[in-house]
Amino acid sequence: MGNKSIFLGSYPTTRLRRNRQNIWGRNLVAETTLLASDLIWTTFVREGNNITESVTSMPGVDCMSVDILVERAIEAYRNGIPAIAVFPKTPTQLKTPNAIEALNPNNLVCTAVRALKKSIPNLGVICDVALDPYSSHGQDGLVQNGYVVNDETIEILSKQALVQAEAGCDIIAPSDMMDGRIGEIRQELDANGYKNVQLMAYSAKFASAYYGPFREAIGSATNLGEADKKTYQMDPRNSNEALREVALDLEEGADMVMVKPGMPYLDIVYRIKNTFAVPTYVYQVSGEYAMIKAAGEKGWINSDEALMESLLSFKRAGADGILTYWAVEAAKKITNN
Ligand code: PBG
């Protein structure tokens with residue numbers, strides 16, 4: 001990639017189909033590879049024991065109690081998945097306007113992290129930092145006079161990050177889109193002896209319709225109601241602004257950056273990777289997964305092939321890794337091929 005083509009050639013001397021005749025030949029000239037080690041498995045955790053509750057709008061995806069999560073994570077690890085991201089479905093009665101449950105060291109996500117690190121120490125664990133799983137209004141930050149306030153929110157977020165680090169989380173992933181939160185979290189972690197906890201910034205996170213099924217899965221859809229997140233998540237019309245978001249996050253200490261959603265924003269992935277040449281990740285979000293699965297269920301597309309193709313497109317655009325609900329299935333397919 002990058003280099004201008006040195007030799008263009010012309011028909012009939014040049015026939016590009018020659019290299020496509022058979023599987024081995026196509027493998028030989030393949031420019032992009034998708035490996036199990038490129039995949040981060042995104043998961044939902046809930047209260048209870050021995051419970052798997054299917055997420056209606058995401059066929060094949062379960063919200064799991066911690067014991068089941070650990071069992072399935074072991075399987076993921078055995079299939080070569082390097083890391084898992086855990087999202088909590090907080091019981092409704094624990095949700096409050098100030099989202100205080102986010103700071104409970106024994107909350108669902110911290111419990112899950114401790115269980116995962118105990119059973120599978122070599123599986124990386126990633127936690128979201130944002131208040132929406134814990135807030136009664138469903139917003140990622142504190143709300144004052146109908147507005148999500150920035151500086152008051154990042155104070156809580158940095159404490160949330162610390163609680164997660166104390167539980168054993170390896171990578172803190174702030175998904176809230178507040179200004180200055182990466183720097184504030186870095187400082188809080190460093191001041192408390194967590195210099196080596198990594199930060200994966202949701203740098204270019206767009207205000208997207210594709211988050212619908214996720215909000216249903218963690219129960220925040222009803223909390224949010226008719227409200228949206230457009231005063232902090234990015235405007236889908238913007239691309240240069242994504243570069244500014246990344247630049248700021250890197251300056252504040254982000255170890256990795258992320259683009260989200262994935263497929264509608266491949267141009268953003270490409271630009272970021274080419275501009276900054278830093279570890280760049282992309283999140284294939286719930287709505288992307290749901291669309292492909294739904295069309296597959298209707299028999300309109302082959303959803304396995306469409307999902308595999310979508311994962312490849314992220315690699316081709318320059319992503320170093322992909323967060324996806326389909327990680328374990330994809331890893332199995334890659335290994336068996
Ligand atoms: C929380 C968060 C969201 C997602 C990941 N972290 C939802 C949102 O911002 O409303 C969405 C993931 C998905 O749709 O798969 N801040």
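I began with helix H10 (residues 286–297) and helix H11 (residues 303–317), whose axes come within 8 Å and cross at roughly 150 degrees. The model is predicted, so local features need pLDDT of at least 70 and side-chain atom pairs pLDDT 80 or more, while totals for chains, interfaces and linings use all residues. Residues are numbered from 1 along each chain as its sequence is written, and side-chain values use heavy atoms, with hydrogens and water left out.

Helices (H or I, at least four residues) and strands (E, at least two) are DSSP runs, numbered from the N terminus. Axes are lines fitted to C-alpha atoms, for helices over the stretch in contact, and angles run from 0 to 180 degrees between N-to-C directions.

H10 and H11 are therefore roughly antiparallel (the term for angles over 145 degrees; under 35 is roughly parallel, 65 to 115 roughly perpendicular, the rest oblique). I listed their contact (heavy atoms within 4.5 Å): Glu288, Tyr289, Ile292, Lys293 and Gly296 of H10, with Ser303, Ala306, Leu307, Ser310 and Phe314 of H11. These residues divide into 5 nonpolar, 3 polar and 2 charged. Ala, Val, Leu, Ile, Met, Phe, Trp, Tyr, Cys and Pro count as nonpolar, Asp, Glu, Lys and Arg as charged, and the others, Gly among them, as polar.

I then took helix H9 (residues 266–276), which packs with H11 at about 30 degrees, the axes 8 Å apart. That makes H9 roughly parallel to H11. Leu266, Val269 and Tyr270 of H9 meet Ser313, Phe314 and Ala317 of H11.

Next I looked up pockets and cavities. On a 1 Å grid over the protein atoms alone, a cavity is a set of points where a 1.4 Å probe fits but cannot get out; a pocket is an open set with protein on both sides within 12 Å along at least five of seven lines; lining residues have an atom within 4 Å of a point. Grid points are joined across faces, edges and corners, and a volume is the space filled by probe spheres set on the points.

The largest pocket holds about 790 Å³. I found 18 residues lining the largest pocket, with Asn27, Ala30, Thr32, Thr33 and Leu312 nearest its centre. H11 gives the most to this lining, 5 residues.

I noted 2 cavities of 30 Å³ or more. The largest cavity has about 140 Å³, and Asp132, Lys205, Tyr211, Phe214 and Lys260 lie nearest its centre. The second largest cavity has about 50 Å³, and strand S4 (83–88) gives the most to its lining, with 3 residues.
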